[in-house]
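Colleague: Before we look at particular positions, could you show me how to read burial and contacts in a model of this kind?

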Amino acid sequence: METKKSTAKYWVYFVIWTAILITLMFVLRQFFWLALPGVCTSFAKAMDIM
């Protein structure tokens, strides 16, 4: 059976990247897209999809 690894670190990364994404959306809208890979990757790792 596969052991379950902790994903708490990736949830913290997801919250941080989401805060960066929201900040960029209001402050520097043209750089909003740069935060999307971080949000998507950290969410996938937090959900243990990757």
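Modeller: Let us begin with contact, which means heavy atoms within 4.5 Å; leaving aside its neighbours within four places in sequence, T7 is in contact with K45 and A46. This is a predicted model, in which local features need pLDDT of at least 70 and side-chain atom pairs count only at pLDDT 80 or more, while totals for chains, interfaces and linings use all residues. Residues are numbered from 1 along each chain as its sequence is written, and side-chain values use heavy atoms, with hydrogens and water left out.

Colleague: What does the side chain of T7 reach, and at what distance?

Modeller: A polar contact is a pair of N or O atoms within 3.5 Å, where within protein one must be able to donate a hydrogen and the other to accept it, and residues adjacent in sequence count only if both atoms are side-chain atoms. Here the side chain of T7 reaches the backbone oxygen of A46 at 3.4 Å.

Colleague: Is T7 buried or exposed?

Modeller: Buried means under 20% relative accessible area, exposed over 50% and partly exposed in between, with a 1.4 Å probe and protein chains only. T7 is buried because its relative accessible area is 16%.

Colleague: Which residues are buried in helix α2?

Modeller: Helices (H or I, at least four residues) and strands (E, at least two) are DSSP runs, numbered from the N terminus. In α2, which spans residues 36–46, the buried residues are G38, V39, S42, A44 and A46, and what covers them includes α1 (8–27).
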